[in-house]
Structure formats: C-alpha cells, structure tokens
Amino acid sequence: RPGLKSVATAIGNFADDLATVRIASIVTGFEQDARKKARAIGSAKHLLNTIERERGAVTRWLPPLALILEDLCRDLEPLVSARLYGAEGQRAQIALARFYLKLRRFPEAAIVMRESHVNRYAADATAVEVNDPAFSKRARAATERAFTGSDPSARTIADIRNDIEHGGFGPQPVKAPKLRRNLVAAVGCIDDAPSVAATFTATAPVRWFVSRHQGAVDWAKSHGVAVDRWATHLDVAQVREGDVVMGSLPVDLAAAVCERGAHYHHLHVGLPPEARGQELTAEHLAALGAELRPFEIRAVSLGGGDG
C-alpha cells in the first residue's frame with residue numbers, strides 16, 4: 001500500500017535520527033548538500049505531515065498503528081522548530097531530552113541536555129544552526145569554552161554524561177538509580193537555566209498556529225501571518241503567558257489558552273452550508289473572507305445545578 005509505505009519510511013527516518021542523536025535532523029532538518037539546505041525539513045515534522053496525509057490509509061489497512069497515532073503526534077509536535085537557536089529551538093531541544101527520558105534512553109538524553117545548555121552561551125546563530133552554511137566551528141568551540149568555563153552546572157553535567165558514556169568505568173561510578181535521578185533532575189533544570197546569549201530571551205512570547213488542515217496553514221503563510229511554531233495539535237501545558245495562539249480550537253481548549261494568560265486569535269471563516277465538511281484550500285479560505293479575530297474565552301460556573 002503506497003500510503004503505508006510512506007508512513008513506514010518516515011517512521012524509519014525519524015527512528016534512525018533518534019537512534020544516532022541527530023538533533024538538527026530531528027528538529028529543523030539537515031542536508032549535507034548546500035543547495036538543499038534551504039529545503040531541509042526535520043524528520044519529526046516530516047513524520048507528522050506524513051501521518052496527517054496518510055491517516056486514512058493507516059486507519060483502513062493497519063488499525064493497530066492507527067490506535068497510537070494520536071499519542072505519537074503529541075510526542076512529535078514539541079520536537080518541531082524552524083530554528084535551533086533562540087527560544088523556540090531551546091524548547092524543542094528540552095522536549096527532545098525529555099522524550100529520550102520517556103523512552104529510557106538515558107545516554108541520548110544526557111547528550112541532548114548537555115548541548116542544550118551549551119547553546120544558551122551562543123553569541124549568535126552561527127554557533128548553533130548546523131544546517132546553515134554560515135555555521136562556524138570556531139564559533140561553536142568558543143561557545144563550548146564559554147559553557148565549560150562559566151556555567152556552574154557544567155561539571156555536574158559532564159560527570160553525568162561521562163559516567164553513562166564510559167559504562168561506569170571510573171574510580172567511583174554512581175549506582176544506576178541515583179544516576180537516573182541525577183539525569184532527570186539535570187534535564188528538569190534546563191527550563192530554569194538563564195540564557196546568556198545576547199540576542200534572545202528564553203521566555204520570549206511564542207506565536208502559535210494550530211490547524212490540522214493544510215489549506216489553513218497555506219492561507220496563513222500566503223497572508224504573511226507571523227508564526228513561530230506550527231502545530232497540528234496543541235499541548236496547552238506548553239503555552240506560556242503572553243503567547244499568541246491562532247487557529248480553530250475547540251472552545252474548552254481556547255478557554256484553557258486564555259486561562260494561562262495567552263491570547264487566542266480564532267480563524268474565522270464564513271462557511272456556506274455546502275462548503276461544510278470539505279477540505280478547503282488557501283484560495284477557498286481567502287475567497288470566503290477568512291480572517292484571524294482575537295477572542296477572550298473563559299469557563300463560567302452555572303452554580304447550583306448539574307447542567
């Protein structure tokens with residue numbers, strides 16, 4: 001089945017990147033050929049896109065896989081970012097470290113944790129964006145030195161990673177349960193570590209666009225909507241105060257977004273009855289006068305009754 005083959009290929013590519021800790025390949029995409037770098041797409045995003053496109057084929061021909069697609073998408077979405085450098089890229093790397101922990105892949109989690117800490121010391125993107133032709137080994141080396149020489153957690157992080165990677169061959173290897181706890185604690189501290197890069201703030205507001213429909217995504221891009229992070233599903237726990245969430249969310253999810261102090265902009269489309277239930281293109285949406293309208297939504301208690 002062609003649809004199943006493309007899903008299997010996308011899963012295989014993502015799994016290979018995951019097994020070899022290809023951080024850039026997972027998050028932003030990476031190409032060796034300089035002529036292809038601008039078209040690179042992360043294997044997490046490619047797999048998400050493939051699942052969305054072939055969901056019907058999987059449901060029809062491979063029902064057991066269809067049962068876990070939603071869980072897989074929820075794991076993949078935080079791993080997608082347009083850049084490694086900056087607040088959005090930092091969040092994707094933290095999510096990747098935690099995904100490895102979830103899989104009990106502790107050596108890989110230690111590697112990603114360490115590189116995420118190092119990236120906070122980058123003076124600019126040339127020390128982080130390995131898919132960019134401007135990536136500089138010299139800038140990366142300077143960033144490494146800044147981390148090891150200035151970060152108070154550098155020694156602890158090095159001890160954790162080295163103990164794991166050297167298989168416990170050391171004068172005082174840490175016992176496995178404690179080593180795991182130390183690693184989990186260190187990964188958790190990434191959120192709290194201050195950014196020392198001069199050009200971004202880790203808590204900068206993020207502009208989300210959430211839609212499972214390619215036509216809506218194409219419409220936003222063609223209308224120049226500023227978006228930091230694209231998602232087919234929204235994990236509200238990742239939304240922070242001041243963020244802007246755009247799309248067509250269920251009312252309870254939109255209320256949860258507003259409750260967290262974020263702003264919700266609804267993609268309003270005046271659909272005629274005959275167009276309901278159809279997959280609309282960007283051109284259809286534009287012709288129907290689609291626009292983003294800000295809403296403030298909150299849940300209210302009816303009090304005293306069950307209804």
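I looked up R74 first: at 48% relative accessibility it counts as partly exposed (buried is under 20% relative accessible area, exposed over 50%, partly exposed in between, with a 1.4 Å probe and protein chains only). The model is predicted, so I note that local features need pLDDT of at least 70 and side-chain atom pairs count only at pLDDT 80 or more, while totals for chains, interfaces and linings use all residues. Residues are numbered from 1 along each chain as its sequence is written, and side-chain values use heavy atoms, with hydrogens and water left out.

Helices here are DSSP runs of H or I with at least four residues, strands are runs of E with at least two, and both are numbered from the N terminus.

**Entry: other salt bridges**

I searched the whole structure and noted 14 salt bridges. One of them joins R55 to E52, with the closest N and O atoms 3.3 Å apart. I place this pair in helix α3 (residues 43–61), again three residues apart and about one turn of the helix. R55 is buried at 15%, whereas E52 is partly exposed at 25%. I also found E52 and R55 in a network of salt bridges together with E70 and R212.

A further entry is R114 with E115, whose closest N and O atoms are 3.3 Å apart. R114 is buried at 12%, and E115 is buried at 16%.

**Entry: the sheet**

I read the strand order of an open sheet of five strands as β2-β1-β3-β4-β5, with mixed pairing; two strands pair if DSSP finds at least two bridges between them. β2 (229–231) and β5 (291–295) are the edge strands, each with a single partner, so one side of each has no neighbour in the sheet. Neighbouring strands of this sheet are turned by 25 degrees against each other on average, direction ignored. The axes are lines fitted to C-alpha atoms, for helices over the stretch in contact, and angles run from 0 to 180 degrees between N-to-C directions.

I looked at one pairing in detail. β1 (residues 207–210) and β3 (residues 244–247) pair in the parallel sense over four bridges. For R207, I note V244 as the bridge partner in β3.

Methods:
A salt bridge is a side-chain nitrogen of Lys or Arg within 4 Å of a carboxyl oxygen of Asp or Glu.
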